[in-house]
Amino acid sequence: MAMAMTEPGTLPCLQVAGIQVYLYLDADDHVVRVAVHLDTTDEELLASDGTVPIEVVVGDTIVMDHTGRTADTVLCELLDSADEQQQQAIRDAAITAGLLWRCTCDWYNPGDRPRCDSCASHRPHAVL
Ligand SMILES: [Zn+2]
């Protein structure tokens, strides 16, 4: 059963199986934030390791599956299990797919980062 809860001075909250989900605009970061609180999850929903299986879907895209994998974690797993030659092929494909971009300092950054994690340079505009 889902319940919508709103108390004065708090963010609107939707609760399903004890899981509380908050959806709000963060004016400082200019983002729509979805915050999921799992500390009150119903026990029957917990996996044997105590985790809660969650899948996050945006539009038609699964951005996190029930294993907790995201595009970033899958890419890291692929790179960790590959040899040097395979890593370059994976990075090239990830750049083509928009999952990575390469800075002029040669650092590979996640595709959604506007600045380089290593040197803080702005991401160059894509060449069309
Ligand atoms: Zn850089």
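Me: How far apart do the C-alpha centres of domain 1 and domain 2 lie?

Reply: The protein chain is divided into domain 1 (2–54) and domain 2 (67–128), with bounds that come from an automatic or database domain assignment. Between their C-alpha centres the separation is 30 Å.

Me: What pLDDT do local features need in this predicted model?

Reply: Residues are numbered from 1 along each chain as its sequence is written. This is a predicted model in which side-chain atom pairs count only at pLDDT 80 or more, totals for chains, interfaces and linings use all residues, and local features need pLDDT of at least 70.

Me: What pattern does the protein chain follow along the sequence?

Reply: Helices (H or I, at least four residues) and strands (E, at least two) are DSSP runs, numbered from the N terminus. The protein chain has two helices and eight strands. Read along the sequence, they give β-β-β-β-β-β-α-α-β-β.

Me: What is the radius of gyration of the protein chain?

Reply: The radius is taken over C-alpha atoms, and the globule rule is 2.2 Å times the number of residues to the power 0.38. For 128 residues the rule gives 14 Å, and the protein chain is well over that, so it is more spread out than a compact globule. The C-alpha atoms fill a box of roughly 50 × 40 × 25 Å along the principal axes. The radius of gyration is 19 Å.

Me: What percentage of the 128 residues in the protein chain is buried?

Reply: A residue is buried if 20 or more other C-beta atoms, placed from the backbone, lie within 10 Å of its own, exposed if 12 or fewer, and partly exposed in between. By that count, buried residues of the protein chain make up 3%.

Me: What share of the contacts with a separation of 6 or more joins residues 24 or more positions apart?

Reply: Two residues are in contact if their C-beta atoms, placed from the backbone, lie within 7 Å. Of the contacts in the protein chain with a separation of 6 or more, residues 24 or more positions apart account for 8%.

Me: Which residue stands opposite Cys 13 in strand 3?

Reply: Two strands pair if DSSP finds at least two bridges between them. Strand 2 (residues 13–16) and strand 3 pair antiparallel over four bridges. They form a hairpin with two residues between them, and Ala 17 in the turn has a positive phi of about 50°. Opposite Cys 13 stands Tyr 22.

Me: Is His 30 buried or exposed?

Reply: His 30 lies in the loop between strand 3 (19–26) and strand 4 (31–37). Although not a glycine, His 30 has a positive phi of about 55°. Because His 30 has 7 other C-beta atoms within 10 Å, the residue is exposed.

Me: How far apart are the C-alpha atoms of Asp 39 and Ile 19?

Reply: Asp 39 sits in the loop between strand 4 and strand 5 (56–58). Asp 39 is exposed, with 7 other C-beta atoms within 10 Å. Asp 39 and Ile 19 are 20 residues apart along the chain, and their C-alpha atoms are separated by 7.5 Å.

Me: Which residue in the hairpin of strand 5 and strand 6 takes a positive phi near 65°?

Reply: Strand 5 and strand 6 run antiparallel and are joined by three bridges, with Val 58 opposite Thr 61. Their hairpin has two residues between the strands, and the positive phi belongs to Gly 59.

Me: Which residues is Val 63 in contact with, leaving aside its neighbours within four places in sequence?

Reply: Val 63 is found in strand 6 (residues 61–64). Val 63 is exposed, with 12 other C-beta atoms within 10 Å. With those neighbours left aside, its contacts are Val 56, Val 58 and Thr 70.

Me: How many of the 13 residues of helix 2 are buried?

Reply: Helix 2 (residues 84–96) reaches 19 Å from its first C-alpha to its last, close to the 18 Å expected, which is 1.5 Å times one less than its number of residues. Gly 98, with a positive phi near 85°, follows helix 2. Helix 2 is hardly covered, and its count of buried residues is one.

Me: Which residues is Tyr 108 in contact with, leaving aside its neighbours within four places in sequence?

Reply: Tyr 108 is found in strand 8 and is partly exposed, with 18 other C-beta atoms within 10 Å. Tyr 108 and Ala 94 are 14 residues apart in sequence and 10 Å apart in space, C-alpha to C-alpha. The contacts of Tyr 108, those neighbours aside, are Arg 91, Leu 100 and Arg 102.
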